[in-house]
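Visitor: Please walk me through this structure by question and answer. I would like each reply to end on the item I asked for.

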Amino acid sequence: MKGEMAEGKVKEVTLPVAGMSCAACVNKVEKALEGLKGVASARVNLAAAKAGVEYDPAACSLADMEEAIAGVGYEVPWDRIELLVLGMMGSHCQQNIERAVGALDGVSKVQVNLGTDTVTVDYTASLISAAQIKKTIRDLGYEVSDKAEGEASLDRERRARQQEVRRQLVNLLIAAPLGLLVMAGTFRDYWVLDKFIPSFLANKYVLWALATPVVLGPGRQFFVNSFNGLRRGVTDMNLLYATGIGAAYFIAVINTFWPNAGFGGEKATFYESAALLTTFIVLGRYLEAVTRGRTSEAIRKLMKLQPKRARILRDGQEVEIPADEVQADDILVVRPGESIPVDGVVSEGYSAVDESMITGESLPVEKKAGDEVIGGTLNRTGAFRFRATRVGKETALAQIIKLVENAQATKAPIQRLSDTVASHFILGVHMLALGVFLFWFFGGFNWWFDPNSRFILSPSELSGLKVFGFSLLLSVTVLVISCPCAVGLATPSAIMAGSGLGAQNGILFKGADAMEATAKLQTVIFDKTGTLTKGEPSVTEVVSLDGRQDDVLRLAAIAEKNSEHPLGEAIVRAARERGLAVPDAEEFAAIPGHGVEARRNGNLILLGNRRLMAERQVALGPLLAEAERLEQDGKTAMFVAAGDQAIGVVAVADTLKESSARAVEELHRLGLEVAMITGDNQRTAQAIARQVGIDRVLAEVLPQDKAAEVRKLQEQGRRVAMVGDGINDAPALAQADVGLAIGSGTDVAKETGHVILVKDDLLDVVGAIQIARFTMRKVRQNLAWAFGYNTAAIPLGAGILYPFFAQVVSPELAAFLMAISSLSVTLNAMSMRGFRPSIRRGGRLAQAARQEATGIGRPLEEVR
Amino acid sequence: MDEQRARYIGALIYTAFSLLGALAFLAATTLRGDYDWTARLGGAGWVFLLLMIILMPTVTPWVKKRLGGRQG
């Protein structure tokens, strides 16, 4: 199919899919979508209830996809917006709107109601925003406003989930009491139960009357869904349930109305099996529906951050409008305690903003004119005005949500294995059920059957059963007990929780594969400039022969004042930070490759290297040794001379970030090798590496060769991460097993890395690895439990204990075990919510440790 | 049209094989053991049902692929 599509025409869309309950459902939906002409690939995430589809819009529409999904028994709960549209005069207006909006990418259905002036649009927020739809209608000349509060995708998703919860709850409320009555009636003759249970309940016709509504009511969904699947040649868990429930009910009905037909007689009415089997399966579905939504709580929290209203300045007046209608360059007003509606740059005012929800940074960030603000963050103290720079789908928050949603719709390599197993499992289980039936029918029953034998944890005897009834019973139990629901949920539920956890900490994994790869890393390479270091030189030491460092720095600053060289700018900045006056020089001359010379009040000032000093015959004396010491530490030493007298040395270096040393230390603690890559010479690079404790230095590497260096390490069999600037280091980030783009700020979408770190904090590299490892640990636990359950349960269901203990698992116990298995996996994923990476747990203590750990970059006053 | 044809041919194949399996079961119970007719017919019915479930999703895509391949 891929080959049929012209390159560049392929689009991606994420569709919500409701009603999936297992890995086989995933397989069913994927097959249905991939069977459509124009669809290149489809990947479905069970836990997220989303399908990511690559398709050619010219060959396949969203309606086609919806039809295919509905065809295999599932629903697409579209995002929906209801608009009040004024100015529609008749059917031509209706047609205009339907045509214009219907032609938009991402719109599935448009309904215009002229009577109520309402336009209802079904769309997918992954392709188009509500604001774009409104703008399209407004451009046609109509007045548009929200009919009700706009239904965000969050609301739709939540409603779909609530509907499922409600549906299964109603099913449960029907099945559970009736099932219990059936059970009470069936076991009335045991123990002292006959004293409490009225005799009519044990009547087989009453049992039939009680069990039938359970099978045909709450149990109906399994028959309908499995039939829909079978029609298209696909199978799922529903088939296992339908065969199990159907077989038990069918035999019970025959034994009720035709007791002499030889199916076990009156004593072998399996009504309690059929009713309780249905009840436990419905209970499992209900618990799953309730808990599954909670694994994606993090993304819901992000969605909730999107402010609904904004206050903008129009003609000097403050006007309140819906946040999604803010345009770029609008001036917005934010008061204390309000959320910032969109991304922008502060133009006026001062405040502290809580950005923890986006960056994970717990302390409020000060904002003044010229600073960037992020939409969705909370203004704490002051009022300010800002100019909108990114609106609608372009805001950092919208990009982050999209990124996390996409990540949650991807599959980790480890999941492909479980999905393959789960999708072939259903057929395998039916084959096994057939084998078990034939074994007990032709051999096992004759060899071992004991009429006094019982079901495990049940007083019910098997005495009424004959060869067919007994073999069928075990065959049905195998079908029910083998359900691989837990296998299907094991990976996606943990990955969803993990990617949400990352997003809360400002760490965005671009896919499940990125998370798995991050967990397996062995080496982390940091780009030096701008990643380990601040990327701009600053004065680190001032040496004076007579102890008057300020004079040395002041003269150096005067000489460099007119220079545009980065080293000169660093000197002038340092002098100003110290409060030194830096007057203009009367004369200034740059001497290429040597330094500068300037004249102030007629006095000559020289600032430069040894060659400059040698040419001007300035004796350096003890300053030479100082300069060599500084250069050993990777700093650039510049001599300062007043006239022909050397008076001091100014050392300039690119300083380390506060968190570099601690990040390296934490990575070592996690057992990782840490390397640094730089274009600097060996000596400078080694000096920096020594200060932060880096193991391996890749020096004198040209920017274009960084990717090759990463490849060399990979060829040594190491799994390598590259940490760098997402734009300049893009090739190396792409080459690495995991590329971590650091400090993207609000520009998440432009980044090329596999993992995006919103903040410019190296400790987030550690956080990313910790979250990834924690998530993969949960995935492994889940898989071990799920596969372990099936491995242990299937032989039990097939009757392996029967020859030794004369006991078998009843179908209802099998259903109960199956429900518990799925639930335990989901609960395990939910338990991830409380996890905080260790670097975030330290709070202020950790910050203090960070500052302590780096000697370099301390204020000038503390130096010498 | 091809889709329909594939489904039709597939249905013929899996129904035929399932019936054959059920008949084989009946034959086996007649030739061996002392089974009553309920067990024989009930068992044959269960075998037929399970075989249909196993063969339906296996045969249908296989036939579709074969027909598609021949055309291509």
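This is a predicted model: local features need pLDDT of at least 70, side-chain atom pairs count only at pLDDT 80 or more; totals for chains, interfaces and linings use all residues.

Visitor: What is the phi of A:Ala806 near?

Guide: A:Ala806 is a residue other than glycine, and its phi is positive. The value is near 55°.

Visitor: Is A:Asn601 buried or exposed?

Guide: A:Asn601 lies in the loop between strand S22 (595-600) and strand S23 (603-608) of chain A. This residue is not a glycine, yet has a positive phi of about 50°. The cut-off for exposed is over 50% relative accessible area. A:Asn601 has 55% relative accessibility, so it counts as exposed.

Visitor: Which backbone oxygen does the side chain of A:Ser660 reach?

Guide: A:Ser660 is part of helix H22 (residues 660-669) of chain A. Its relative accessibility is 0%, so A:Ser660 counts as buried. Setting aside residues up to four places away in sequence, A:Ser660 touches A:Val692, A:Leu762 and A:Leu532. At 2.7 Å, the side chain of A:Ser660 reaches the backbone oxygen of A:Leu532.

Visitor: How many residues are in the second, separate core?

Guide: Among the members of this second core are A:Ala675, A:Ile677, A:Leu698 and A:Val710. In soluble globular proteins, nonpolar side chains tend to be buried together. The second core is separate, and its count of residues is 29.

Visitor: Which residues is A:Phe470 in contact with, leaving aside its neighbours within four places in sequence?

Guide: A:Phe470 is one of the residues with the most contacts inside the largest nonpolar core. Beyond its sequence neighbours within four places, its contacts are A:Trp440, A:Phe445, A:Phe449, A:Leu462, A:Leu465, A:Tyr802 and A:Val808.

Visitor: Which residue in S15(A) is the bridge partner of A:Asp354?

Guide: Both faces of S12(A) are covered: A:Ser351 and A:Val353 are buried on one side, A:Ala352 and A:Asp354 on the other. A:Val353 stands opposite A:Val365 in S13(A) and opposite A:Asn379 in S15(A). For A:Asp354, the bridge partner in S15(A) is A:Leu378.

Visitor: How many salt bridges does the rule find across the interface of chain B and chain A?

Guide: Of the area of about 2,100 Å² that chain B and chain A bury between them, 78% is on carbon and sulfur atoms. Two residue pairs are in polar contact between the chains. The number of salt bridges found by the rule is zero.

Visitor: Which helix gives the most to the side of chain B that touches chain A?

Guide: In this interface, 21 residues of chain B are in contact with 29 residues of chain A. Helix H1 (2-31) and helix H2 (37-71) of chain B each supply at least two residues of the side that touches chain A. With 14 residues, the helix that gives the most is H2(B).

Conventions: Residues are numbered from 1 along each chain as its sequence is written. Chains are lettered from A and ligands numbered from 1 in the order in which they are written. Side-chain values use heavy atoms; hydrogens and water are left out. A nonpolar core is a set of buried Ala, Val, Leu, Ile, Met, Phe, Trp, Tyr and Cys residues joined through side-chain atoms within 4.5 Å. Buried means under 20% relative accessible area, exposed over 50%, partly exposed in between (1.4 Å probe, protein chains only). Contact means heavy atoms within 4.5 Å. Helices (H or I, at least four residues) and strands (E, at least two) are DSSP runs, numbered from the N terminus. Two strands pair if DSSP finds at least two bridges between them. Buried area is the accessible area (1.4 Å probe) that two parts lose on being put together, summed over both. A salt bridge is a side-chain nitrogen of Lys or Arg within 4 Å of a carboxyl oxygen of Asp or Glu. A polar contact is a pair of N or O atoms within 3.5 Å; within protein, one must be able to donate a hydrogen and the other to accept it, and residues adjacent in sequence count only if both atoms are side-chain atoms.
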